[in-house]
Amino acid sequence: MAKERGSNALGIVGTNNTGKTVIAEEVIKRFNKKRDSLNSKNYPSNYHKLVVFDVQDRLGHLMREGDITIKIGDKGWEKKILGLRDSMCVFDDFRVLLPNDSLSDDLLKIFGFRMEYGLDLIFIVWHPTLFPPRMHRFIDKYYIFRVGGDDKEFVSRMNGDKDSLINIKHLVSNHCLTYSQSEYGKLYPNFPFVYYDVQTNKAVKINFKKR
Amino acid sequence: MESIKALEHNDNTPDFVEVEEGSFDSIAGIFDSEKGGNTIEKELDEFSSASSTEKDEINSTIEEENGFNLDDLGSSEDEDSDSSEGQEEVVQEDELEDYFESAEFIIFIIELAIVWGTNYYLKSKNLDKITKDELEVTARQHKSLVKSWAKVLRKHKAKVSPEVELLFNMGASYGIKIQAIVKKQEDRKKREIQEARQGKKMQVVQPRQGKSKKVPDKQTREAVIKGEKIVEEEEEEVKGFRLDKSKKIEQDPTVLI
């Protein structure tokens, strides 16, 4: 397997029951597939770990021995993440873990060293305003599900071109409005969303069916 | 490829953003590759050139430095895999504050249990019982105990663990009731003892033939008072938690109705 330097800081945004955790599961499955293909004996014990903050315990079934669960009130979790290499961290309902707007020194270090340590970071929130200030600047990719509310508020804590983001927000919302609630539920697990790359200003529609 | 016109928000609005159709597989490939980088390459080179023993040492050092816990999944089945063993985690005082209250409560319950257990043992040996006050530790020892318990609770990440919460609720629900019942019993017994000492008449039961039972003689009355005193003394020895011993009196054949 070829090695690539770098990491991904992915923000998954969308209102309740739009499919955010479902897509996070798919991402974790890909990570698991990767680490299954590698011989763990050839790596130190801090490699290829999955870290999960998962208040509703919907991702626990994807964890393996040695993976780390973060619970509300835990202290020192940032240091544990800094000790990992080529690993994935998924924070579902991230704001619950970080109730105020301050970013600890160690959390900032995680963002600073993620490329060097190969840490993929995935933050799931139901609205971009739930990202702490400054943190959204570190996000370089988004999965944008249906999000309600004001456009200005939406982009206030999103990284990337604001107009592109607003376009995407409306694109997803308009498409989702063509479904009733029960119809939308039946789309499981293929809920519609748009993938947006901040650096290239490129967007990809996923699971958009013609209506 | 579909182009979408940008909404006009300001003069610098780009005309459109390119939106492609795609699948999840087409965008998720970024998570498939092994990560590289200077640090990773260096660590992997060192690890691959190390002997088996050295690799174990490297892993032990990593686990100690990073404070890894094999918690939740997998570790509960195999206690030996708990990487927190052997590592000393420095716990700050302010990190334990949240646990002090529940630690105090646990110590209180344990002290009661120790008194009961000890007295059970002493009784079996026909030795004198002890009181809770005799077991009282110094303030310094108490503080150390609280801190130790707080560390235990913190280790298990429990500000108020479900077990402690249950004890709290039971203490609140039953403790108050028991206190009230025992107090009532004590007051009743004190009254009875006082009445017996003053030589007041016991309640008399009228048989069918109209004959009345005799008032118990002085010897009998004194035996009753003595029996009650023994019970009273036993209750006094256990402070803070009183057991309903009224049944003992009822079983005493000298109790008169």
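1. Between them, chain A and chain B bury about 5,100 Å², with 55% of it on carbon and sulfur atoms; buried area here is the accessible area (1.4 Å probe) that two parts lose on being put together, summed over both. The model is a predicted one: local features need pLDDT of at least 70, side-chain atom pairs count only at pLDDT 80 or more, and totals for chains, interfaces and linings use all residues. Residues are numbered from 1 along each chain as its sequence is written, chains are lettered from A in the order in which they are written, and side-chain values use heavy atoms, with hydrogens and water left out.

2. On the chain A side, Lys3(A), Arg30(A) and Lys205(A) lose the most area to chain B, together 14% of what that side buries. The contact (heavy atoms within 4.5 Å) takes 64 residues from chain A and 51 residues from chain B.

3. There are 19 residue pairs in polar contact between chain A and chain B, both residues being at pLDDT 80 or more. A polar contact is a pair of N or O atoms within 3.5 Å; within protein, one must be able to donate a hydrogen and the other to accept it, and residues adjacent in sequence count only if both atoms are side-chain atoms. Helix 6 (residues 162–176) of chain A supplies the largest share of the side of chain A that touches chain B, 6 residues. Helices (H or I, at least four residues) and strands (E, at least two) are DSSP runs, numbered from the N terminus.

4. The count of salt bridges between chain A and chain B is 6, a salt bridge being a side-chain nitrogen of Lys or Arg within 4 Å of a carboxyl oxygen of Asp or Glu. One of them joins Glu20(B) to Lys202(A), with the closest N and O atoms 3.8 Å apart.

5. Strand 1 (residues 3–5) of chain A and strand 3 (residues 34–36) of chain B run parallel and are joined by 3 bridges; strands pair if DSSP finds at least two bridges between them. Lys3(A) stands opposite Glu34(B) in that strand of chain B.

6. Over all chains the structure holds 17 salt bridges. In one of these, the side chains of Lys79(A) and Asp106(A) meet at 3.0 Å, N to O. This pair links distant parts of the chain, Lys79(A) being in helix 2 (residues 77–82) of chain A and Asp106(A) in helix 4 (residues 105–117) of chain A, 27 residues apart.
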